[in-house]
Amino acid sequence: MAAENENQVRRWEELMFLYRSALNKMETRISVLNDEFQSFYNMNPIEHVKSRIKSPRSIAEKLKRLGYEDSIENMELYLNDIAGIRIICSFMKDVMIIADKIKEQDDLDVVLVKDYMNNPKPNGYKSYHMVVTVPVYFNGESVPVKVEIQIRTIAMDFWASIEHKINYKYDGDTPPALKAELKECADIVYMLDKRMESISKAMLSE
Ligand code: 0O2
């Protein structure tokens, strides 16, 4: 039993090392991408980047929510977002520019795309999600490690952050009136994004 526990601890530490390394590599790539846009195209599509490793508590909660037993094997198998990076852009068009630039990188494998930008969730959530595998060298071999990338505008991020806090406060059971209010705010966010985009277009054509 003690040996089994030791193996589990060892596997956990290896996996966390792999997720941290993959996230570091992704952060560097995004920073290089941003530098390329600024240096050669006089563009500044990325406002800021946030990244995180999911906490053990959130991992256990998500596995439970998905109906799986809380284990390291299930975490590896069923969770795509242990390592997560969020890229916040100024304009909607920048979201797709960044997504396409990431897809071009041929040592990254795109394993899943969820386009909530063009197909928002019924609650109004908008964002462009990709799960990619990043190669990490460990123990003499290249290991593909999953990283979830969320790309969205500042306005979409504002909405998602508030909605997340409200959802947390009500433990996933947000009162219908508040849900309706949030949906209305999501529509306003979309209008704002569109107007900001047309200001940007007008500026560029001058
Ligand atoms: P947290 O606390 O942000 O980590 P998958 O991850 O693909 O296996 P899932 O969770 O259905 O399965 O994927 P999806 O729909 O792409 O959502 C992943 C993440 O997107 C969520 O992670 C949230 O960060 C964000 N997200 C998705 N839907 C919503 C939403 O309606 N509102 C907000 N505010 N964020 C959303 P977690 O693990 O749920 O949460």
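How many aromatic pairs does a search of the whole structure find? The search finds four. The structure is a predicted model, and the values below are computed from it.

Two of the aromatic pairs can be followed in some detail. A pair of aromatic rings is described by the distance of the centres and the angle of the planes. F17 and F138 have their ring centres 5.3 Å apart and their planes at 45 degrees, and the pair is tilted. F17 sits in helix α1, residues 2-40, while F138 sits in strand β4, residues 128-138. The two residues are 121 residues apart, and the pair links distant parts of the chain. Their accessibilities fall into separate classes: F17 is partly exposed, with a relative accessibility of 31%, whereas F138 has 18% and is buried.

Which kind of pair do Y68 and Y78 make? Their planes are at 5 degrees and their centres 3.7 Å apart, so the rings are stacked. Y68 belongs to the loop between α2 (56-65) and α3 (72-78), and Y78 to helix α3 itself, so the contact ties together parts ten residues apart in sequence.

K169 lies over the face of Y170, 5.5 Å from the ring centre.

The strands come next. Strand β5 (residues 141-153) takes part in two pairings described here. With strand β2 (residues 83-89), β5 runs parallel, and six bridges join the two. Within the reach of these two strands, I88 stands opposite R152 of β5. With β4, β5 runs antiparallel, and eleven bridges join them. V132 stands opposite V147 of β5. β4 and β5 form a hairpin with two residues between the strands. In that hairpin N139 takes a positive phi, near 55 degrees. In a regular strand the side chains alternate between the two faces of the sheet.

Rolling a probe the size of a water molecule over the atoms shows where empty space is left. The largest pocket holds about 1,900 Å³. Its lining counts 44 residues, and K54, K62, R65, D81 and H164 are those nearest the centre of the pocket. Which elements supply at least two residues each to this lining? They are the strands β1 (46-53), β2, β3 (109-115), β4 and β5, together with the helices α2, α5 and α6. Helix α5 gives the largest share, eight residues. By class, the lining of the largest pocket has 17 charged, 14 nonpolar and 13 polar residues.

The second largest pocket has a volume of about 190 Å³. Its lining consists of N42, M43, N44, P45, S90, F91, K93, D94, S200, M203 and L204. Two elements give two or more residues to this lining, α4 (92-104) and α6. Helix α6 gives the most, three residues. The lining of the second largest pocket divides into five nonpolar, four polar and two charged residues.

Helix α4 also contains M96. M96 has a relative accessible area of 25% and is partly exposed. Between M96 and L192 there are 96 residues of separation in sequence and 18 Å in space, C-alpha to C-alpha.

How many cavities of 30 Å³ or more does the count give? The count comes to one. The largest cavity holds about 40 Å³, and G124, K126, M156, W159, A186 and V189 line it. Helices α5 (154-169) and α6 (176-205) each supply at least two residues of this lining. By class, the lining of the largest cavity has four nonpolar residues, one polar and one charged.

Definitions and conventions
Residues numbered from 1 in each chain as written. Predicted model: local features only at pLDDT ≥ 70, side-chain atom pairs only at ≥ 80, totals over all residues. Heavy atoms only, no water. 1 Å grid on protein atoms, 1.4 Å probe; cavity = no way out; pocket = protein on both sides within 12 Å on 5 of 7 lines; lining within 4 Å. Points joined across faces, edges and corners; volume = space filled by probe spheres on them. Helix = DSSP H or I, 4+ residues; strand = E, 2+ residues; numbered from the N terminus. Nonpolar A, V, L, I, M, F, W, Y, C, P; charged D, E, K, R; others polar. Phe/Tyr/Trp six-rings, centres within 6.5 Å; stacked < 30°, edge-to-face > 60°. Buried < 20%, exposed > 50% of the residue type's maximum accessible area, 1.4 Å probe, protein only. Lys NZ or Arg CZ within 6 Å of the ring centre and 35° of its normal. Pairing = 2+ DSSP bridges.
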